[in-house]
Amino acid sequence: MSDNDVKQDVKQTVIGAIKAIRNGPRAMRLYLEICAKCGTCATACPVYYGRAERRYNPAERTDIIRRLYRRYCTLSGRLFGPLADAKDLDPAELEEWRKIFYECTGCRRCALFCPFGIDHSVITRKGRAILDKLGLTPETMKKVVDISLRTGNTDGAGEAAFRAAIEFLEEEMEEEHGVPIKIPIDRVGAEYFYVPPSGDMLVNPEATMGIAKVFHVLGMADHWTMSSKFFDGANYGLFTGNDEHMKTDNRAYVEETKRRKARVMLMGECGHAHRIMKMMMEKSRWWGDLPFEITNCMQWTAEHIQAGRLELDKSKNPQPVTYHDPCNFGRSCGITEEPRIILQASCADFREMYPNRAENWCCGGGGLSAMDDIHQFRMEISGRKKLEQILATGATNVATACSNCKHQLTQLMEYHQQQIEVGGVHDMLSRAILVGGKAAERKEYT
Amino acid sequence: MSGTVGGAAGVIILASAVLLGVRRLMVPRAREITGPADYLILLLIAAIIITGNIMRFGPEHFDLALTRAYFGTLAIFGNPLDAPALENRVFLVHMGLALVLILCLPFSKLLHFGGILFTHQLIRRQ
Ligand code: SF4
Ligand code: SF4
């Protein structure tokens, strides 16, 4: 193929994808048709807060798609062109798209404040989907997707690494409490199948220890299991816009739950994983009827705390602790009270940051957290509001329930030289929960 | 009575349109995402309001009864061409622009006046 043919091909692909929007979801078309260009979303966006430039204005970013939609899908756009804010596709701009569409964290805060509920993350994802079709997804993201589809987890860890990590955690817990606390692997017929983000196995494993202790204390150590092959709910198809990848990755976990004959799929502290399972897969019935239910581990633990089945010693966490609502839990899944129940029971000095819950500001990472190539952008622009918010609480410890948030926040604290520890919700519980009447012997964590 | 209320409405709506325009020009986060179509539609609305106000407050007062007669003829599919309302040039402009606005409705972002009623509902369902 000559250069010209390639260009023609690229053009066809993009225009085809734009035209396909006409047959897609109604909401998407409305997002493109009714934006009043009032600029309200810009006040809600963490990226625009970090730097008030046209390029970072949500409505400007999505106008890239809107202009093409008008040009190729509406009569007025075809007839009046620029006068109707329509624009021809210029393939030379695709290189810029690769940056621009990866400058939105997908936090959906804009949708909450837009008078019409226009969700820029959905349009941005469309832009990424088009890039992905052309093979133009940024290398850092492509790598994670490839690894994840090949190995079943985004860290590319094999079974041996997983088993070593479990062994390490069991030793650790025995040391803390003086009694063996098990983490069952690959059991069939266990009631609960626990699906954490792999980060909570390999990077911040305390959360998984917390879960194991809860099962132990409830006398349910035999009623749960993890899988040596499927231990990462993270799903990067959501971030690259590739539905096929998202569904392939998702299906593997649904099948594994069936193989384990589990009654409950217990999702870990991972916002987007929970959202895909609960709000997308289950709701839209991707795989038909499910022989199991989907619950989050925070809902599960909070329920047992409220029922008085767990005892915790708050004095083990005397430092001021605040909670960062991951966007996917707070805004998209409505899981806001459960983490607070756990933290309030585990910490002596729990502090809210404002605003919080559904209105919480994004950490500035989201699906972009894995992208080291935009580290500076995440630290100085998209994460700026979060930093201010955390500092205002005076907390020395930020708990959050999402691997992406943890990664972003840890880097943010390092970058801005703040002595603030970042961890999970069950991490705090793990340090305070009483096992056989005794809390963990406090060692130096982190 | 209805004349006073109508007159006040004409002034208020003109002020609103002007304020909308000023906001669009002054607030950077709005200005930077504004395209030609956004300005055009605002100008169109302003022009309709201004011509309307000219008819009401202008030197040759325009009798509302004439429009009633005009629309009456339209409603019964009569010949409206010799309706006396059409002899007033300002009315012609006003009416013409209003028709353009109505024509634009389904093709422009003005759809938002309907969308606001149900997008939140629609989005929550998906
Ligand atoms: S707040 Fe909504 S209507 Fe206003 S510019 Fe943003 S997306 Fe468009
Ligand atoms: S999803 Fe979040 S980062 Fe993206 S435009 Fe909306 S508010 Fe900004």
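User: At what angle do α2(A) and α5(A) pack?
Analyst: In this predicted model, local features need pLDDT of at least 70 and side-chain atom pairs pLDDT 80 or more, while totals for chains, interfaces and linings use all residues; side-chain values use heavy atoms, without hydrogens and water. Residues are numbered from 1 along each chain as written, chains are lettered from A and ligands numbered from 1 in written order. Helices (DSSP H or I, at least four residues) and strands (E, at least two) are numbered from the N terminus. The axes of α2(A) and α5(A) lie 9 Å apart, and the angle is about 95 degrees.

User: Is α2(A) roughly parallel or roughly perpendicular to α5(A)?
Analyst: Axes are fitted to C-alpha atoms over the stretch in contact, with angles from 0 to 180 degrees between N-to-C directions. The angle is about 95 degrees, and 65 to 115 counts as roughly perpendicular. Therefore α2(A) and α5(A) are roughly perpendicular.

User: How many charged residues are in the contact of α2(A) with α5(A)?
Analyst: Ala, Val, Leu, Ile, Met, Phe, Trp, Tyr, Cys and Pro count as nonpolar, Asp, Glu, Lys and Arg as charged, and the others, including Gly, as polar. This contact has 4 nonpolar residues and no polar ones. The charged residues number 3.

User: Which helices each supply at least two residues of the shell around ligand 2?
Analyst: Ligand 2 has 13 residues around it, with A:Cys45, A:Cys104, A:Cys107, A:Arg108 and A:Cys110 coming nearest. By class there are 7 nonpolar, 4 polar and 2 charged. The helices, in chain A, are α4 (46-50), α5 and α9 (120-133).

User: What is omega for the cis peptide bond of A:Tyr354 and A:Pro355?
Analyst: A:Pro355 sits in the loop between β6 (349-351) and α20 (375-382) of chain A. A cis bond joins A:Tyr354 to A:Pro355, and omega is about -10 degrees.

User: What is the phi of A:Arg285?
Analyst: A:Arg285 belongs to the loop between α16 (271-282) and β4 (293-296) of chain A. Although A:Arg285 is not a glycine, its phi is positive, at about 50 degrees.

Key
Parallel < 35°, antiparallel > 145°, perpendicular 65-115°, else oblique. Near = heavy atom within 4 Å.
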